[in-house]
Amino acid sequence: MSALLLGIAWGIAAVLAIAGGAVIGVWWERKVAGHIQLRYGPLQIGPAGSLQMLADVPKLLFKEDIVPSAADKPLFKWAPLMVFAPVAASLAVIPFAAGWAPLDTSVGVLFFLAVPSLEVVAILVAAWSQRNTLAAIGGLRAASQMIAYEVPRALSVLPLVLLAGSLRPTAVLGAWQWWWMPLLSIGFIVYLIASIAEMNRGPFDLPEAESELVAGYFADYSGMRWAIFMMAEYGAMIAASLFAAATFLGGGWPFGGALGTAAIVLKAALLITVIMWVRWTFPRVRQDQLLRFCWTVLVPAALVQLVVVGVVLPWM
Amino acid sequence: MRTEELTLNLGPSHPSTHGVCRLVVRLDGEVVTHVEPVIGHLHRGIEKMAENRTYLQVVPLTDRLDYVGSMYANWAYCRAVERLAGIRVPERAEYLRVIVCELQRIASHMMGIGSSAADTGATSAFLYAFAQRDLVIDLFEALCGARLTYNYVRPGGVAFDLPEGWVEQCRSFVAQHPSAMLEIDELFFGNVIARARLKGIGVLDADTAVAWGVSGPSARGSGVDWDLRRDDPYSVYPRFDFDVVVGSNGDAYDRARVRLWECIESCRIIEQALDQLEPGPVMAEGLPRLLAPRPGDAYDHIESARGSLGVYLVSDGSVRPYRMKVRSPAFCNLAVLPLIATGHTLSDLLVILGSLDPVFGEVDR
Amino acid sequence: MRIEELRERVCAMYPDLCPLFSIEFGDGSIAVPLERVHSAAADLKDMGFDRLGMVTAVDRGDEFEIVYRLQSRDLRAAMFLKAAVPKNDPVVPSMCDLWPAAEWQEREVFDLFGIVFDGHPDLRRILLPEDWSGHPLRKDYADDRIVRRPDYI
Amino acid sequence: MDVKRARPAVPPSVSGDAEDRMGLVKGAASLAKGLGITLKAGVSRPLTVRYPQQKVAVSPRWRGPLALRGVLGRDDIPLLKSASHAYNELIDGLYRSDRLPPCVGNCPANVDARGQAFLIADNRVAEAYELVRDRNILPGVLGRICHHPCETACKRNFYDEPVAIRPLHRFAYEEYRKIRHERISPLPRTQGKSVCVVGSGPSGLAAAYDLLKLGYRVVMYERERKPGGALNTGVPAYRLPRDVLYEEIGDIVGLGLELNTGVEVGKDVPLVELIREHDAVLLAVGLQQSRILPIPGTDAEGVVGALEFLWSANFKHEAGVRGKRVLVIGGGNVAVDVARCALRVGASEVKLACLESESEMPCHPWEIAEALDEGVVALCSLGPEEVLVRHGQVAGMRMRSCLSVFDETGRFAPKFGDETTDVPADVIVFAIGQAPKIDALVAGTELLVSGRGQLVVDGTLFTTSVPGVFACGEIVTGPGSAIGSIATGHEAATSIHRYLQGLPLDGDRVARPVPVYPKHAPADITNVEANRRRAVMPMADPEERASDFRQVELGLTRQEAMAEAMRCLRCESEVCVGCTFCARTCPDYAIKVERVDEAGARCLTRYDYDLSKCCYCGLCAEQCPTKALQHTGQYELSFWHRDLMVFDKGEMLRPPTGTRATGRDGVSPPGCPVPRREEP
């Protein structure tokens, strides 16, 4: 019984963390995008526009949730939550401090990599339930893209697990050495690119390519339901960055204890900024180029990384 | 497995169809098998309205033809009126027209390059291009008080003389513009993703371009070496030396880069024009307030940012034109779209449409 | 190429139409009877006019006048080819076989003037909606929504 | 700003095929370069404005919604009311050159024609007369003989027909005539000094008038029995009835001028004595001698000078040419006057021969036209060669054809052809110019006289070699128009006043305002409505008037004059007179203007500008002759009731400043439209 209560508590904490992260994330994204594009970004509400989300979130809350008449009502209503749930779950296994993670299981890394693939199903459900051709195309694109990019993402994390010798995130963090960073640099880059593609962001935002499909699979969502999709996207970004910070970049490496957690969050924030920077610099890749890039460039790079680690492993 | 073609209806109000154009597209999966542009949504009947206005009152109408470049739309009309009425334009007015028109070509190409960047998703490159366009529009606002529909070039000369300080402002813009263009070139056109998206799609070879009457950067992108400013010289263009930029492959990439390098060439022309500018009257003297040219018909064209923009005027001796026909380059360029867009994917279709740089005020008239 | 040279070459081709070659406002233009307009266009195309700049029509009150503007890049010349078209059943041979550029422009002339181009691949209205009645650019086009302008100037 | 780098040359091939097969490394490099650029942009200062703290400043030429500066019936234009000697400073302050209407600018004496039209239209005709008299001294006289440069420059030429300014002078005189006795009273003498004016021509009278208003004692000496100088002897009586001339000069005498007629200075009264007696002397003697060509046969009997002929024709109505053939030599206004006088004194046939061709004749086009109507025959491009004399009596004139009059630099150098024609005539009158005859006048003084008998005078300050002695009029400028002499009279009076007050003569001497010449060609008035046309001046019919010296122009009635005065556009006065030219120019007919025109209660009742139709093309503000209509610099076009965007007169008349002045109810923003008024 207490485990269930503990789970619910951690669930609520994860949702709140993601909601807070999304609020700050959206503001920070609009600032970064603004300055990249020679403008200021939000300015008026609060110092440097920081309270802008204070205005946006209530607006989204009170906005009318339109459910298209032709839509498959139950599926349409539950799809956003189905998209959001895996993201919240994946937060649980990330080791925030040396040796401590909200859910310290022996298969944490595997869990982290596997859970987002549930999103694919949720996106297909969302896309299909709207009965809208553009949304359908968007949904199919998203599905093919996410399935394609799970492979390099998993492969890029494998060398880490090999070096650490166990699937338990806290163990990986514990076994982390500083020279792992240069060693696993290729894996880190492949992981970063693959996770960007997983989030449908940056150069790979095919599903909601504004120029063609006008918003892909969440075209007909509005109000809070649409906001949940947004939170799912930002949640995925936060989760991926935190995981990368905790594992590839060695968690609170130079410091220990509380300062370590702060270091993890700082590194994650840095990574998020890089992801945003990449999004606002590059044009969008076409669907076929996207898939060709995944199989012909990312997967071989991940395998090269595995070989490198394989060669180094005996000396360990 | 039996697949069925999906008929998709893009537009007329679609974020990236460059104005009110409806594309009826038949898709086989992602690949476009048939596209048919349905135009006419912005048809205001400018040619019919022109028959009801005096020669001076038609100039604000020509602003609304190619609203992204209304300066040279005015100029084309005014050249036709001057040829019809036999007006001699003073020297300084010709120079002002060239300067203002080249600035407008730059501003219009910024829209062309910016929208090809936005179509492929690079919103930052779009905003860098629009930052340059805004500098040009500030120059026009200082010159004639308007930011889009200028009503500046008039039959017989130009409406106002330069305010003081304008020449310096123009020189500083022209000094920094080429480096800004090269920066956009590096950021967007040099980028491997953009090259992958733009190269090799919407290929238009030189002969079909000529046969279909395509003109301007869209034709020069496929190697048609034809620029009215050099091959059918008008006004004071023979006094400047500039190169005509010609591409080779005829794909969307070449068309966009031809536009980019044309902006740099325009800077060169503006600098030479500013050096050769002398004081003098800006409007022909002794024109009657209500122009009434003798009966007859005249045609004159200029090199606009989209091609050879021509105006054919028929006069019956009264103060109102009897018939005005605008030969709009965007209309003829758009006719080629079905030819070059079939066989590409949906996302490429819109990039190809953007590479033809149509403005639907001019297409629909 | 100077307009006079152009005039000799055209007159050499069509001795009987020579007087109709007028040079007005800086552009050579030749008026051709309707039935010979297609053959004249073909000959001019062989002469070097490889580009059809513009196709338009003018409502001259009692009849239409179809106007083609032909341009030639290597000859560096341009000229008008005009033909009078009767108003009761205005039919003009289409130029799509010579220059594909004519396709859309002829559809526009059909749309706004009601001149039928026989031989045109798909003659439909291009600018106005399909169910639009009447052809606006005709001088006798009556529409109650047209704003009456006061005629004082 | 960036340093100006050398222009990047266009690469031979634009399609960038060189780096076509982009390898992985070059691909990654291009991505890195892209990231570098966006990073540089990210850290550099944004281009946009930190709204709302900073606001974008709109350019001064911004074409925002329209506003009217002044409105007829509510704001009045600043009239010219001060004394004429202050005119030079006045031109600067009140009538800056960009606000000087073309009619006032083009008149040599800057008569305020705009003010006069305003006053006559408002039925204040006496004030109009006095306003005009301040600058041209003899409105009644000049209303008949002036060559009206003001009408040639009137802006109304380009809309339909010019405003009839000269007839309005004449109408003002005829109205003023009825009440002149109560308004003429001797001016107080505030200055202790006295000035003597020699000659009562227009220039002398102008100077005297100014000096009287300044409070000086003015004594004038006139050689003839009647005052008026060239106006009295030269101008034909049919053009200028003498009673009008004497009456107007009588008015000036009434203002305190001591006029002594029949006294010739230099003969009856020596000039030296006058210089001693008065503090300043003004020589306004004009040109007395008509020039005769030094060609053989001019001493024969029957050859007459123009002035003598006009003198005898005007006063004795008899010049000894009854029934004879008269040949007039010369193409100027004087020649035409001589020819028309010859007809009136019974000449059987009158021919006029001049060097210039038909179009180049120096006389005014309407003068020669009236002469030709009356039967004068004009022989053009003919140069006199020799007078044919038959036993002492004139028989004719041998004339040689003249090819061109001026050489390319514009100097008078006639080139003659070779064939000659003989023109039979009994009397030959030379009207080719007048010359001064001042040797008697200057005897005994140190006044410098140039070789050709011309008095040496400073062109702008009108001083002569002797301090205290000034000169003005045709003796300074040579043959010219009456209004031109009056202008020199004003300038001379200013010089005399400064000399007597000890002020420097050349202080802020405003050069006469450069006339604002028209840019457009005159309008063709084929289909212009009747009420816009110019009042037609009734003329006596040609046959009758050729026989005697009755008036040629019969003058306007009160109704016609009022209507004509209302046609004045009041250029550059920044007061809208409701001339409706903005409404006609607007491509979308967004402006409706209505005005009420009763005399004395003229006002603009409605100026509706429909914001929803306006396309901000700016044509109306450019066409507005009074510069009253202008675009405000307001940026926001969104007003509260955007759907009712009709600007009623009440709203349009908000102050023109760019700030957000309040509208009619003091609260809502300016131009806030009121419920639409039903269209009639």
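## Confidence of the complex

For the complex, which is a predicted model, the predictor gives a pTM of 0.88 together with an ipTM of 0.85.

## Chain D

Chain D has 680 residues, of which 43% count as buried, and its secondary structure consists of 25 helices and 21 strands. When contacts in chain D between residues at least 6 apart in sequence are considered, 73% of them join residues at least 24 apart.

The mean pLDDT of chain D is 78, with 86% of its residues reaching 70 or more. Residues 1-5 of chain D have pLDDT below 50, and this stretch makes eight contacts in the model beyond near neighbours in sequence. Residues 637-651 of chain D also stay under 50 in pLDDT, although the model has 39 contacts for them beyond four places in sequence. Where pLDDT is low, the predicted coordinates should not be read in detail.

## Contact between chains A and B

Where chains A and B meet, 24 residues of chain B are in contact with 19 residues of chain A. On the side of chain B that touches chain A, at least two residues each come from strand 1 (6-10), helix 4 (91-119), helix 5 (123-144), helix 7 (192-198) and helix 14 (346-355) of chain B. Sorted by class, this side of chain B has 13 nonpolar residues, eight polar residues and three charged residues.

Note on methods:
Residues are numbered from 1 along each chain as its sequence is written. Chains are lettered from A and ligands numbered from 1 in the order in which they are written. This is a predicted model: local features need pLDDT of at least 70, side-chain atom pairs count only at pLDDT 80 or more; totals for chains, interfaces and linings use all residues. Two residues are in contact if their C-beta atoms, placed from the backbone, lie within 7 Å. Helices (H or I, at least four residues) and strands (E, at least two) are DSSP runs, numbered from the N terminus. Ala, Val, Leu, Ile, Met, Phe, Trp, Tyr, Cys and Pro count as nonpolar, Asp, Glu, Lys and Arg as charged, and the others, Gly among them, as polar. pLDDT is the predictor's confidence in each residue, from 0 to 100. A residue is buried if 20 or more other C-beta atoms lie within 10 Å of its own, exposed if 12 or fewer, and partly exposed in between; C-beta atoms are placed from the backbone.
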